[in-house]
Amino acid sequence: MSKAAARLKSMKKAVTDKVVHGKMVTNIPAGLAAAGPPLGPMLGQRGINIAAFCKEFNEKTKEIKEGIPLPTRVTVNSDRSFNLVIHQPPVVYFLKQAAGIQRAAMHSNEIAGKVTLKHVYEIAKIKSSDPPLQIYSLERICKMVVGAARSCGIEVTKDLDATEYGEFLKERAVIVEQQKKELQEKKEAKLLRAG
C-alpha cells in the first residue's frame, strides 16, 4: 500500500470516527421555532436538520399559545437524528401570570406581586408532569414554587382581596415605570462615558 493510500485511509477513519451527538437545553417560544439566530446556529453546531427540527417543534406546540417560553431538551443521536422533549413553561412564567405582572422585583426587599396558596398548588400540579420533577412529591414541588416566588419578589399569601390587589398593582406600575426610567438614564449615561 502506498503512503498516499495509507494516509487517505487514516483520514477517512478519522472523519467516520467523529460522532456528532450530545444534549442541548434551551427555552424556545411556542410555535415560533425558526432557523434564524439564536436557535439556528445552536442546532447547526450539533448537525441537526434545522428545518425538520423547527417543523417538528412548531407542530408539537401548535396547541399552546404562541410565544410562551418552553424549556426544551434535545438529544442528538450519532446519525444526526434527534429526540425532542418539551416541558411545561418555567415556574417564573406561571408565577408572573398568576400575579398579573410583567417584571419581577429588581431589589431583594421589593414586592413585585402576590399569589395565593391555591396558585402555588395549581402551578405545582402543572409542573409535576415535567420529567425531572416526576420523582418529587407535590408538597416538595410546592416548596420549590414558593422558593421561586420569593426569589423574584412575589409574596405568597393565604387570601387575596381583588380590590386591594388592584390598588397594589396600580402603585406597582408607577414604581416599575420609575425603575425603567432610572435604568434608561443609567444606560444613556454609560453610553456617553463610553463615547
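Contact, throughout these exercises, means heavy atoms within 4.5 Å. The model is predicted, so local features need pLDDT of at least 70 and side-chain atom pairs count only at pLDDT 80 or more, while totals for chains, interfaces and linings use all residues. Residues are numbered from 1 along each chain as its sequence is written, and side-chain values use heavy atoms, with hydrogens and water left out.

**Exercise 1. Glu66 and its partners**

Find which residues Glu66 touches, not counting residues up to four places away in sequence.

*Solution.* Start with the partners: Glu66 touches Ala30, Gly31 and Leu32. Then place the residue: Glu66 is found in the loop between α3 (50–60) and β2. Helices (H or I, at least four residues) and strands (E, at least two) are DSSP runs, numbered from the N terminus. Finally, check accessibility, where buried means under 20% relative accessible area, exposed over 50%, and partly exposed in between (1.4 Å probe, protein chains only). Glu66 has a relative accessible area of 58%, so it is exposed.

**Exercise 2. The chain as a whole**

State how many helices and strands the chain has, and in what order the elements run.

*Solution.* Count first: there are seven helices and five strands. Now read from the N terminus on, which gives α-β-α-α-β-β-α-β-α-α-β-α. For burial, 28% of the 195 residues in the chain are buried. For contacts with a separation of 6 or more, 63% come from residues 24 or more positions apart.

**Exercise 3. Two packed helices**

Describe how α5 and α6 pack, giving the angle and the distance between their axes.

*Solution.* Axes are lines fitted to C-alpha atoms, for helices over the stretch in contact, and angles run from 0 to 180 degrees between N-to-C directions. On this basis α5 and α6 pack at about 115 degrees, with their axes 9 Å apart. On the α5 side, the contact is made by Val120, Tyr121, Ile123, Ala124, Lys125 and Lys127, and on the α6 side by Leu138, Ile141, Cys142, Val145 and Val146.

**Exercise 4. Aromatic pairs**

Classify the pairs Tyr93 with Phe94 and Tyr165 with Phe168.

*Solution.* Rings of Phe, Tyr and Trp (its six-membered ring) pair if their centres lie within 6.5 Å; planes under 30 degrees apart count as stacked, over 60 as edge-to-face and the rest as tilted. By this rule there are four aromatic pairs. In Tyr93 and Phe94, the ring centres are 5.9 Å apart and the planes are at 65 degrees, so this pair is edge-to-face. In Tyr165 and Phe168, the centres are 5.7 Å apart and the planes are at 15 degrees, so this pair is stacked. Both Tyr165 and Phe168 lie in helix α7, three residues apart, about one turn of the helix. Tyr165 is buried at a relative accessible area of 10%, and Phe168 is buried at 18%. Elsewhere, Phe53, Phe57 and Phe82 form one aromatic cluster.

**Exercise 5. Backbone checks**

Determine whether the peptide bond from Pro37 to Pro38 is cis or trans, and whether phi of Arg80 is positive or negative.

*Solution.* Recall the background: most residues other than glycine have a negative phi, and most peptide bonds are trans. The bond from Pro37 to Pro38 has omega near 0 degrees and is cis. Pro38 lies in the loop between β1 (22–29) and α2 (39–45). Phi of Arg80 is near 70 degrees, a positive value. Arg80 is found in the loop between β2 (69–76) and β3 (82–86), and at 48% relative accessibility it counts as partly exposed.
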